Structures are given as C-alpha cells and as structure tokens.
Amino acid sequence: MTGAMHSPTIDILLTKRLGLSCDVERTSIEGMGCLTGYRLLNIGRQIAKGNPNARVLVVEGDLRSAIGNSLPDHAGRADIVAASLFRDAASAAVVSGEKLAEGESACYELICGKSRIVEDTEHLVDYRELDCGEIRLYLHKELPNAVGLAEPAFIKALIAEARASKADPPEVTEMDIACHTGGPRVLHEVAKAADATDEQLAASWAVMKAHGNLSGASNLSVLDYQNRVVENGRQWVLCLAMGPGVCIEGLLLQRVSSPPRITESLLRLVARFVSRASDTEEEAIEQRVLRTLRRSNSESAANIFEAVLADVEEEEEEEEQEEADGITASHTNDTLLPQKEDEEGKESACWRPNRPSPTHGGA
C-alpha cells in the first residue's frame with residue numbers, strides 16, 4: 001500500500017537479502033490495505049495446510065508517508081486527514097506446517113480463517129493513482145459504521161467454520177480480540193459488534209495509543225503485543241481487520257504455548273533505558289533492546305536493564321558531584337557493555353550508549 005508500482009517486487013529483493021534459496025516459492029500482493037497482515041496469515045495457513053513440513057515467512061511493510069509526498073497540489077481537508085492518519089511500519093511472522101523440528105515451538109494454532117467482501121461499500125474507500133501521477137486516498141466517514149454492521153454476521157460465520165472443523169471455540173465474550181488499529185471509532189464499533197469489552201481489545205488499544213494506525217502492519221503488531229504482554233488466561237484470539245472493498249479478514253487462533261512475557265515493569269525499564277539516548281542514538285538502542293528481549297526471558301532481561309540503569313545513574317551522580325566540586329570529568333568512548341554469556345552460551349545484545357550531553361532530548 002506504499003502507493004507506487006515497484007518491480008522487481010519486494011519478495012524477490014527480500015529473498016536475496018535474506019540469503020534464501022532462489023527456488024523459494026513466493027507470493028507478493030498489494031493494495032489490500034489495513035487487512036493485509038491477516039490476509040497473509042490466511043494465505044500462509046492455506047499453504048502450510050497442504051505441506052506438513054512447510055515454513056512460510058509472512059512479511060508486511062507499508063511506507064504510508066508516501067501518501068503525504070503525493071498529495072494533490074490543491075489538497076482538501078479530506079486529503080490531508082487521510083494522509084495524516086497512518087504511520088510507516090512493518091511486521092512479520094512464521095507459519096509452519098504440522099511437523100515441528102526439534103527446538104521449534106508454535107505460539108498459536110491457526111484454527112480457521114475467512115475473508116468477506118461487504119456488498120455496496122466499494123465507495124467508502126478509494127485509493128488510486130490519478131492521471132497526473134498523484135496519489136489520492138479517500139476514506140468515507142461512514143466506513144467504521146459499515147464495518148460494524150457487517151461484523152456480527154462475519155464473526156458468527158467464522159466461529160461456525162471453526163466448529164465445523166471439529167474445534168471447540170468458546171463464546172466471543174471469552175476470547176481476546178486482536179483488531180486492526182484503525183482508530184477509536186473502529187475499535188468501538190468492533191467491540192459493539194462482538195459484544196466485547198475494551199479489556200478484550202487491550203492489545204489493539206495499546207498499539208493504537210502508542211503508534212497510531214499502522215495500516216496492514218498493525219495486524220501482526222497487535223498479535224505480537226497480545227502474545228508477549230497481555231496475560232489474562234484466555235486461550236483463544238479472534239483476529240479482525242478491514243480494508244478496501246470494503247473487505248473483512250478474520251482468523252481464529254488457539255494458544256499452544258507462550259513466548260517469554262514482557263512484563264509491565266520490564267516495559268517501564270526499557271522506556272527509561274531508551275530515554276537515556278540522544279536523538280541520533282535512539283533507533284540503534286531500540287534495536288538492541290528488542291534483540292535483548294527476544295533472546296532473554298523477562299526476568300533475565302529485567303536484571304540486565306536494572307544493572308544498566310543503576311550503572312548509568314551512579315555515573316550521573318558522580319558527574320554531578322564532580323561538577324559541584326569544580327572538577328571537569330573526562331569521558332571515554334565506552335559504548336558497549338561487557339558482553340555476558342547466557343546459559344546456552346549466546347551473547348547478550350544489550351549495550352549502553354555514549355554518555356549524552358545534559359541538554360540531550362528525551363526519547
């Protein structure tokens with residue numbers, strides 16, 4: 001949905017950059033908007049269903065800022081609002097067949113999926129390249145209402161399909177809902193359609209408040225947050241997204257196992273750690289933080305960040321005391337923490353940035 005034709009397509013470029021076999025099977029789709037992440041999971045599910053040894057890499061990326069770069073010369077209020085709604089983002093997942101190799105584990109079983117085109121709604125979303133080369137995105141104000149009206153029947157059909165496959169899903173009131181972060185109206189309409197509480201959509205609200213509308217990348221971003229942060233004992237997740245058409249995409253997932261949880265206290269520690277960075281270092285630090293979280297369980301990662309913060313705060317106290325005493329401290333270019341081997345011999349990816357100046361901006 002970046003808004004430009006690109007060839008060779010992104011699947012070819014990714015195959016080469018990731019060092020995959022040139023014989024790898026590829027499917028590249030465009031133009032599906034905010035339902036893309038779950039549409040891709042459904043395609044991956046269908047591929048894996050026919051091959052128990054399959055491993056399907058699902059990647060969704062949107063450079064939605066390109067819309068702002070392509071606004072008409074005489075942009076109206078609707079053009080500006082539409083271009084301002086989205087943020088650039090990317091997300092990914094791996095879908096496997098039934099056979100897992102030693103050391104592999106699945107987080108969810110994809111029970112079933114469904115797609116539906118909602119009749120008489122094609123006028124509510126319009127995204128096209130104009131004759132002059134400009135990109136026009138039009139979103140009708142009735143879009144959330146139309147989606148909300150269509151979703152009860154869609155959800156009912158999705159659950160019926162799961163039960164027909166011999167699965168035993170509970171009522172929607174006992175599920176979590178991982179929904180596209182289209183905005184407050186969209187989430188409220190989804191909650192209303194599913195007769196659900198905001199607490200059931202906790203992951204969607206959290207990602208939306210933190211990052212806004214991430215278009216199709218929001219689907220897997222919300223599911224990742226659901227998987228790693230939300231902990232309420234529910235084993236079923238209803239995934240919902242909507243896009244141009246108007247179309248609705250849905251998945252029904254059952255939890256198989258949980259990855260290391262990112263606790264709220266750990267999230268606060270990470271936020272404090274990242275806030276120590278200068279603006280130019282922020283992105284690099286966030287990448288290191290994410291690697292640490294992926295390689296560590298919550299407890300060990302929390303201990304790492306606790307130690308880093310304690311060390312940084314101790315240095316700050318020493319500097320403040322030296323400045324009070326009229327001593328100018330000399331700083332070394334110490335950018336890396338001593339690397340620490342974990343139980344399996346893997347090195348920790350956590351690091352400490354260069355000492356920022358007292359006037360650095362917060363993250």
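**A strand and its surroundings**

Let me begin with strand β7. Trp 236, Leu 238, Leu 240 and Met 242 point one way from β7, while Val 237, Cys 239, Ala 241 and Gly 243 point the other way, and all of them are buried. Please keep in mind that this is a predicted model. For β7 the count is eight buried residues out of eight, so the strand is mostly covered.

Now to the sheet that β7 belongs to. In what order do the four strands of this open sheet come? The order is β3-β8-β7-β6, and the pairing is mixed. At the edges stand β3, residues 108-117, and β6, residues 176-179; each has a single partner strand, so one side of each is left without a neighbour in the sheet. On average, neighbouring strands here are turned by 20 degrees against each other, direction ignored.

I will go through the pairings one at a time. As a reminder, strands of a sheet pair through backbone hydrogen bonds, either parallel or antiparallel. β6 and β7 pair in the parallel sense, over four bridges. One of the residue pairs there is Ala 178, whose bridge partner in β7 is Cys 239. On to the next pair: β7 and β8 are antiparallel, with eight bridges. β7 and β8 form a hairpin with three residues between them, and in the turn Gly 245 has a positive phi of about 150 degrees. Last, β3 and β8, the latter being residues 247-255, run antiparallel and are joined by nine bridges. In that pairing, Ser 115 stands opposite Glu 249 in β8.

What lies across these strands? Helix α2, residues 36-49, lies across β3, β6, β7 and β8, and runs at about 60 degrees to β8.

Is Asn 42 buried or exposed? With a relative accessibility of 0%, Asn 42 counts as buried. Leaving aside residues up to four places away in sequence, Asn 42 touches Gly 113, Lys 114, Glu 249, Gly 250 and Leu 251.

Two packed helices are described by the angle between their axes and the distance between the axes. For α2 and α8, residues 218-228, the angle is about 80 degrees and the axes are 6 Å apart. The two helices are therefore roughly perpendicular to each other. On the α2 side, Thr 36, Gly 37, Tyr 38 and Leu 41 meet Asn 219, Leu 220 and Leu 223 of α8. By class, this contact has four nonpolar, three polar and no charged residues.

One last item, from another helix. Ala 66 is found in α3, residues 65-69, and at 14% relative accessibility Ala 66 counts as buried. The C-alpha atoms of Ala 66 and Ala 83 are separated by 8.7 Å, and the two residues are 17 residues apart along the chain.

That is where I will stop.

Terms used
Residues numbered from 1 in each chain as written. Predicted model: local features only at pLDDT ≥ 70, side-chain atom pairs only at ≥ 80, totals over all residues. Heavy atoms only, no water. Pairing = 2+ DSSP bridges. Axes fitted to C-alpha atoms, helices over the stretch in contact; angles between N-to-C directions. Contact = heavy atoms within 4.5 Å. Buried < 20%, exposed > 50% of the residue type's maximum accessible area, 1.4 Å probe, protein only. Parallel < 35°, antiparallel > 145°, perpendicular 65-115°, else oblique. Nonpolar A, V, L, I, M, F, W, Y, C, P; charged D, E, K, R; others polar.
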